[in-house]
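Hi,

Here is the structure I said I would pass on. Have a look at it first, and then read on for what turned up.

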Amino acid sequence: MNPYDYQLFVIGGGSGGVRAARIASSLGARVAIAESYRYGGTCVIRGCVPKKLLVYAAHFAEDFADANGFGWSVPPVEFSWPRLIAAKDKEISRLSARYEDNLVGSNVITLYGTARVVDAHTVEINGQRITTEHILIATGGTPFLPQIPGIEHAITSNEVFDLPDLPSRVLIVGGGYIAVEFAGILHGLGAQVTLCYRGDQVLRGFDEDIRAHLQAEMVKKGITVLLHQDVAQLERLPDGSLSVGFASSGDSSLAVDAVLYATGRIPNTQGLGLDDIGVAIDRSGGVKVDAYGKTNIDSIHAVGDVTHRIALTPVAIREGVALAKTLFGPTPIATDLTTVPSAVFSQPPVGTVGLTEEQALSQCSEIDVYTSIFKNMRHSLSGRDERTLMKLIVDSASQRVLGAHMVGSDAPEIIQGLAIAIHMGATKADFDETVALHPSAAEEFVTMRDKISKKRSNDLSSFSRKSSDKT
Ligand code: FAD
């Protein structure tokens with residue numbers, strides 16, 4: 001007879017925690033889960049889902065404008081931010097309730113409150129101590145804000161979804177995916193957007209060509225991008241607007257109505273009691289785990305953003321499933337995170353899977369790079385000056401496709417399919433032998449024939465590209 005109240009106590013009802021709880025319960029474990037805010041976690045409440053709904057909303061601006069080239073006369077349109085936010089809130093509430101219902105339906109005990117770890121087998125919530133054989137830390141992450149004067153006037157992705165009105169002028173600080181996504185959303189909905197980033201190009205860590213291409217497209221759309229720049233201070237003016245003082249341009253300042261910080265996220269470990277009981281934390285604040293999600297204490301585990309590795313919902317879910325199966329299934333399962341596709345729902349969006357050109361060159365002595373830049377067929381009539389970029393990275397020796405990258409309409413949808421091929425080890429010949437689907441942008445991925453071969457010592461920036469119109 002198990003002496004504990006539960007076999008698994010999960011702290012955090014987000015993507016990773018909820019999935020781990022449900023799978024563990026389905027494997028026969030007695031499971032409880034604690035959530036301090038709303039079931040569904042970051043992804044459902046203030047991440048992927050509401051963000052994507054806002055991306056859809058923002059797209060209509062270009063759809064209305066492009067329609068004219070296809071014979072439509074679009075009457076003057078109006079946009080209501082409060083109506084969008086109310087519709088979004090309704091959908092988020094529906095989804096959150098479904099998460100909770102699914103937990104209850106899976107025989108998981110759901111609790112509300114902030115939980116903390118007391119010892120290797122005890123958690124405390126709402127003043128009550130509960131014993132458990134295993135503890136899963138799935139508390140996610142939270143936006144990081146630098147401590148500059150006036151930072152209390154800034155908002156983060158947590159607050160932007162609940163603003164009462166759409167600000168007319170917005171400064172977005174940061175160059176990561178959340179920053180560029182909100183630049184596209186707010187610009188598309190009608191705000192005047194400036195993005196300020198201290199690096200040399202947005203989307204650090206992505207393929208260099210993808211970074212440059214997206215940035216150029218953002219600028220073409222009318223987003224102001226300030227590079228090598230940081231904010232020194234924020235000041236609230238009597239009229240309610242904000243004055244932004246920059247770090248490296250003398251006295252220059254910018255007046256805006258909102259400042260959105262998207263300068264990274266930090267793991268949610270504060271107040272959890274992990275330090276007190278000696279759970280190892282890495283230098284970035286993430287809970288250290290092995291390949292099976294176990295910390296240095298045998299009964300304490302962690303999955304998802306709190307481990308500060310790949311902060312994506314499907315990764316947190318996979319880790320949650322693997323952890324539950326490891327603890328309560330027949331064999332331990334390590335999460336395979338070799339080919340994790342990812343998207344940036346910018347405008348235009350980015351889809352990417354596998355190695356960047358720079359990563360491939362650090363692993364292979366020679367690679368073949370196939371690049372294509374073209375105007376999507378839609379824009380032959382819309383008149384919009386937007387280019388799609390596609391890129392394949394191939395290991396010259398084995399001819400295995402190591403990476404596929406795209407900036408352009410539907411990139412996330414297209415890359416998800418390619419991720420299967422790349423995960424299975426497809427070669428360039430497999431791509432070439434695949435019959436094209438015409439007319440589509442995606443067919444370019446199976447018709448690219450012009451390659452540039454690069455040896456490890458080559459200058460990464462010196463290659464030309466094919467440029468054409470897509471008809
Ligand atoms: P979370 O989903 O953050 O869940 C953690 C939960 O723990 C939270 O509900 C929190 O309230 C709760 N909690 C914290 N401390 C305690 C405590 N002490 N006691 C009880 N409960 C506690 N990922 C994608 O894959 N695609 C996207 O398009 C995407 N877009 C994003 C957009 C934004 C703006 C943001 C912020 C994130 C986005 N992400 C996206 C990332 C994704 O949301 C996270 O990777 C994912 O939610 C991580 O899941 P998790 O279970 O680790 O943590």
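Which element gives the largest share of the lining of the second largest pocket? Keep in mind that this is a predicted model. The answer is H3, which supplies 8 residues of that lining.

Some more on that pocket. The second largest pocket has a volume of about 610 Å³. Its lining counts 29 residues, and the closest to the pocket centre are His59, Pro349, Arg378, Ser409 and Asp410. Sorted by class, the lining has 11 nonpolar, 7 polar and 11 charged residues.

H3 also turns up in a helix pair. Helix H3 (residues 48–67) packs with helix H4 (residues 81–105) at an angle of about 145°, and their axes are 10 Å apart. The crossing of H3 past H4 is right-handed. On the H3 side the contact uses Val49, Pro50, Leu53, Leu54 and Ala57, while H4 brings Trp81, Leu84, Lys88, Glu91, Ile92 and Leu95.

Next, a sheet. It is open, has 4 strands in the order E10-E9-E8-E14, and the pairing is parallel. Strand E10 (224–226) and strand E14 (258–261) are the edge strands, each pairing on one side only. On average, neighbouring strands here are turned by 20° against each other, direction ignored. Strand E8 (residues 169–173) is joined to E14 by 4 bridges, and isoleucine 172 stands opposite leucine 260 in E14. Helix H6 (residues 177–188) packs on this sheet, where it touches E8, strand E9 (192–196) and E14. The direction of H6 makes about 165° with that of E9.

Finally, some backbone details to check by eye. Most peptide bonds are trans, and most residues other than glycine have a negative phi. Here are some departures from that:

- The bond from glutamine 347 to proline 348 is cis, with omega near 0°; proline 348 is in the loop between strand E17 (342–344) and strand E18 (350–354).
- The bond from histidine 438 to proline 439 is also cis, with omega near -10°; proline 439 is in the loop between helix H13 (428–433) and helix H14 (444–447).
- Leucine 203 has a positive phi, near 60°, and is found in the loop between E9 and helix H7 (208–221).

Cheers

Key. Residues numbered from 1 in each chain as written. Predicted model: local features only at pLDDT ≥ 70, side-chain atom pairs only at ≥ 80, totals over all residues. Heavy atoms only, no water. Pairing = 2+ DSSP bridges. Helix = DSSP H or I, 4+ residues; strand = E, 2+ residues; numbered from the N terminus. Axes fitted to C-alpha atoms, helices over the stretch in contact; angles between N-to-C directions. Contact = heavy atoms within 4.5 Å. Left-handed = near helix turned anticlockwise from the far one by under 90°. 1 Å grid on protein atoms, 1.4 Å probe; cavity = no way out; pocket = protein on both sides within 12 Å on 5 of 7 lines; lining within 4 Å. Points joined across faces, edges and corners; volume = space filled by probe spheres on them. Nonpolar A, V, L, I, M, F, W, Y, C, P; charged D, E, K, R; others polar.
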